[in-house]
Amino acid sequence: VMHDLIADGNSIVLVDHDTEILRDADWLIEMGPGAGENGGTILTQGTVEQVAQSPASRIGPFLADLHTLSARTRTPEAELFALGTITLRPRAIHTVKPLEVRLPKGRLIAVTGVSGSGKTTLILESLVPALEAVTADKPLPAHVKNIQAEGITQVKLIDAAPIGINVRSTVATYANVHDELRKIYARSPLAKEKGYKAGDFSYNTGRLRCPGCDGTGTISLDIQFLPDVEITCPDCGGSRYQKDAAALYRTRKDGTQAESLPRLMEMSVDEALAACADLKLVASRLQTLSSLGLGYLTLGEATPSLSGGEAQRLKLASEMGKGQADTVFVFDEPTIGLHPLDVETLIDVLQNLIEHGATVVVIEHDLDMIANADYVIDMGPGPGDAGGTIVAEGTPEQIAGKKSPTAEYIRRELNGES
């Protein structure tokens with residue numbers, strides 16, 4: 001389609017990470033080197049060959065097939081079902097035929113297949129509601145014949161849906177960092193002297209919130225005959241707090257003066273992590289965000305503005321480090337829009353869940369993610385009425401030896417071919 005557009009005299013500018021697409025581009029412009037304040041420069045630009053050979057490029061090794069992503073040690077085939085089995089038997093629904101699917105507990109499972117092959121129906125419309133029903137001791141959905149999931153007490157769907165619509169919801173509030181910081185700053189000598197409590201530092205109702213924007217950080221301008229325009233609050237500069245809050249400092253354990261809470265909210269997660277190193281609980285929660293690859297987000301960033309991938313990882317923050325042997329996590333295409341290096345970070349995150357006992361199911365097209373899965377369930381062979389069956393299931397190597405549209409690509413991925 002893109003080549004047809006070019007043949008008609010058009011120019012195409014594409015923002016993408018998919019190496020299959022990038023290899024077909026006439027000209028590449030690579031931004032970086034990192035995210036947020038660590039980015040914003042052009043690392044390299046040129047043809048695919050020039051970028052692939054550039055020592056400054058971070059995408060180059062993936063374009064040159066020099067970087068095979070092996071981000072975790074996969075479970076040996078003989079041990080796949082050693083921790084137990086989840087067995088689902090749905091009746092016919094939409095284009096999915098009656099079938100039986102077995103998922104190994106405590107493993108990373110990729111559900112693959114062409115678009116429309118029945119992945120969403122099998123997992124999001126059958127597995128998830130069936131597990132929700134059985135864990136809540138409720139009747140199974142009518143189209144699910146039965147499910148066996150011994151030891152599973154909860155299922156969590158981690159999707160890319162935006163985190164609410166409330167502009168007062170920020171990275172700090174969602175990650176349970178802001179509440180802790182409000183308590184800490186309320187204990188500072190000057191705050192006590194002025195009679196401020198933790199609630200006064202709230203964006204919603206606190207006395208210290210900016211009266212100009214009512215704690216949202218922005219104001220809406222009503223322009224006749226045109227849509228309203230959102231601008232940064234001129235009174236607080238987007239900090240959400242009135243000027244009095246900027247004068248309330250806390251003292252670190254070493255006696256030095258720390259930043260005010262409004263200034264802290266302007267920092268990135270990684271910057272705030274360094275600034276709050278003496279606060280054990282806050283530092284621990286910020287470290288979790290950083291390990292999820294979200295270190296570039298500012299603490300005061302509104303959660304509705306986050307991308308789908310950022311929202312997914314932020315939702316995971318509260319789950320990290322817990323025992324998860326009774327939990328099934330389901331992700332719907334979590335790699336969409338991610339750079340290969342970000343995919344590597346995501347795989348590390350999923351591995352952390354698995355090490356704590358979780359069963360992780362990903363509906364996926366990304367070959368790096370699929371190649372790192374313990375078990376693959378390939379739906380198809382085609383879309384719509386041509387799909388709806390399990391074409392193959394097993395390790396990535398076993399799938400690569402089968403006949404299916406997905407198998408050829410997995411085989412090439414495992415062999416390091418473009």
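Guide: The axis of a helix is a line fitted to its C-alpha atoms over the stretch in contact, and the angle between two such axes runs from 0 to 180 degrees between N-to-C directions. Please keep in mind throughout that this is a predicted model.

Visitor: At what angle do helix 7 and helix 12 pack?

Guide: Helix 7 (residues 178–186) and helix 12 (residues 280–291) pack at an angle of about 155°, and their axes are 10 Å apart. Angles over 145 degrees count as roughly antiparallel; helix 7 and helix 12 are therefore roughly antiparallel to each other. Their crossing is left-handed.

Visitor: Which residues of helix 7 and helix 12 meet?

Guide: From helix 7 come Glu180, Leu181 and Ile184, which meet Leu281, Val282 and Arg285 of helix 12.

Visitor: Which residues touch the most other members of the largest nonpolar core?

Guide: They are Leu181, Leu264, Leu286 and Val360, in a core of 66 residues. Helix 14 (residues 340–355) supplies the largest share of this core, with 7 residues. Apart from this core lies another, of 28 residues, including Leu88 and Val361.

Visitor: How should I read a sheet, and what is the order of the strands in the open sheet of 6 strands?

Guide: In general, the strands of a sheet pair through backbone hydrogen bonds, either parallel or antiparallel. Here the order is 7-10-11-5-12-13, and the pairing is mixed. Strand 7 (154–158) and strand 13 (389–394) are the edge strands, each pairing on one side only. From one strand to the next, the twist averages 20°.

Visitor: How many bridges join strand 12 to strand 13?

Guide: There are 5 bridges between strand 12 (residues 375–380) and strand 13, and the two strands run antiparallel. As one instance, Gly380 has Thr389, in strand 13, as its bridge partner. Helix 13 (residues 308–316) packs on the sheet, where it touches strand 7 and strand 10 (327–332). The direction of helix 13 makes about 170° with that of strand 10.

Visitor: How far apart are Ile42 and Met31 in sequence and in space?

Guide: Ile42 and Met31 are 11 residues apart in sequence, and their C-alpha atoms are 4.6 Å apart in space. With neighbours within four places in sequence left aside, Ile42 is in contact with Ile29, Glu30 and Met31.

Terms used
Residues numbered from 1 in each chain as written. Predicted model: local features only at pLDDT ≥ 70, side-chain atom pairs only at ≥ 80, totals over all residues. Heavy atoms only, no water. Core = buried A, V, L, I, M, F, W, Y, C linked by side-chain atoms within 4.5 Å. Buried < 20%, exposed > 50% of the residue type's maximum accessible area, 1.4 Å probe, protein only. Helix = DSSP H or I, 4+ residues; strand = E, 2+ residues; numbered from the N terminus. Pairing = 2+ DSSP bridges. Contact = heavy atoms within 4.5 Å. Parallel < 35°, antiparallel > 145°, perpendicular 65-115°, else oblique. Left-handed = near helix turned anticlockwise from the far one by under 90°.
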